[in-house]
Amino acid sequence: NFTQICISYVLAPLSLLYFLAIYLKFAFKIYKKGSQKYEIPIISIGNLVLGGSGKTPFTKMLFEHFSPKFRTFIVLRGYGRKSSGAILVAKDGEILTNVKKSGDEAMEYALSLRGANVIVSANRALGIKMAMQNGANLILLDDGFSKFDIAKFDILMRPNPEPKLKLCLPSGAYRYPFSFYKFGDFIAREGQTHFRKSKILNKSEKMVLVTAIANPARLEAFFSECVGQVFFPDHYDFSKEELSEILQTYGAT
């Protein structure tokens, strides 16, 4: 709205500084240090904006496609985990740690993918090394676009819908300049290059929808089938007690 646009332009000088900092980081890593090349192919799935753009289901789809032919590992940061360093979360479908050490997204991969191989590491180069030591011959780098010093095939997810203001933080929702789409090797557009389908399994008489994703509006098609909706912040670490209280509050089954 008009007020938000005004606030955005007031913050524009800070966005310019952020923009310059990102370009300097990019230039230093690419033109000064170069990109580290590995003996095996690396596919990065990333985006330019804050919030959800469908990276997780897209990465799962790629794993399911490639894993029958290649020993595929997913390497990700492990956002929100209560641990540090590189951790092997799952190997050949065997889960080797708990969700507090892995983070919720890594455990989602481990639980939902058959024969999952998952590593969390803030230092992606260290995670790649661990994957190769465990026999990887293909790596999927979750949210790896910013790792300019790693040679990889970059898939960039364009969100649907896209932010109305194509400005960097804090004026807009772009954490990397909109022009950086030119550095992507493949641009994935939901509704064009790929499609997403969602459905409810094991329907109950009175369901309450509880979610901790960046864009709860993605689930709007299911609101009418539920007695209520409860939105937590992205990656929120909610407890069993909180969920039990929600069931009681809404009288949900």
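**Figure 1. Salt bridges across the model.** A search of the whole structure turns up 10 salt bridges. Keep in mind that this is a predicted model.

**Figure 2. Lys82 meets Asp237.** The two side chains form a salt bridge, at 3.8 Å from N to O. This one ties together distant parts of the chain: Lys82 sits in the loop between β2 (72-76) and β3 (87-91), while Asp237 belongs to the loop between β10 (226-231) and α7 (240-250), 155 residues apart. Lys82 is exposed, with a relative accessible area of 56%, and Asp237 counts as exposed too, at 52%.

**Figure 3. Lys152 meets Asp154.** Here the side chains come together in a salt bridge of 3.6 Å, N to O. Lys152 counts as buried at 16% relative accessibility, and Asp154 is likewise buried, at 8%.

Figure 4. Arg158 pairs up with Glu162 in a salt bridge, with the closest N and O atoms 3.0 Å apart. Arg158 is buried at 13% relative accessibility, whereas Glu162 is partly exposed at 28%. As for salt bridges with shared partners, they join Lys82, Lys100 and Asp237 into one network. Back at Arg158, its charged end sits over the ring of Tyr181, 4.5 Å from the ring centre.

**Figure 5. Lys166 over Phe178.** In this view, Lys166 lies over the face of Phe178, at 5.3 Å from the centre of the ring.

**Figure 6. An edge-to-face pair, Phe145 and Tyr176.** The structure holds 18 aromatic pairs. In this one the ring centres of Phe145 and Tyr176 are 5.7 Å apart and the planes make an angle of 80 degrees, so the pair is edge-to-face. It also links distant parts of the chain, with Phe145 in the loop between β6 (138-142) and β7 (153-158) and Tyr176 in the loop between β7 and β8 (186-189), 31 residues apart. Phe145 is buried, at a relative accessible area of 2%, and Tyr176 also counts as buried, at 9%.

**Figure 7. The ring cluster around that pair.** Phe145 and Tyr176 belong to a cluster linked by ring pairs.

**Figure 8. A leucine patch on the surface.** Leu14, Leu16, Leu17 and Leu20 make a nonpolar surface patch of about 390 Å². Leu17 has its place in helix α2 (residues 12-33). With a relative accessible area of 54%, Leu17 is exposed.

Technical notes. Residues numbered from 1 in each chain as written. Predicted model: local features only at pLDDT ≥ 70, side-chain atom pairs only at ≥ 80, totals over all residues. Heavy atoms only, no water. Phe/Tyr/Trp six-rings, centres within 6.5 Å; stacked < 30°, edge-to-face > 60°. Helix = DSSP H or I, 4+ residues; strand = E, 2+ residues; numbered from the N terminus. Buried < 20%, exposed > 50% of the residue type's maximum accessible area, 1.4 Å probe, protein only. Lys NZ or Arg CZ within 6 Å of the ring centre and 35° of its normal. Patch = residues over 30% accessible without salt bridge, like charges linked within 9 Å, V, L, I, M, F, W, Y side chains within 5 Å. Areas by Shrake-Rupley, 256 points an atom, 1.4 Å probe, with all protein chains shown as cover. Salt bridge = Lys/Arg side-chain N within 4 Å of Asp/Glu carboxyl O.
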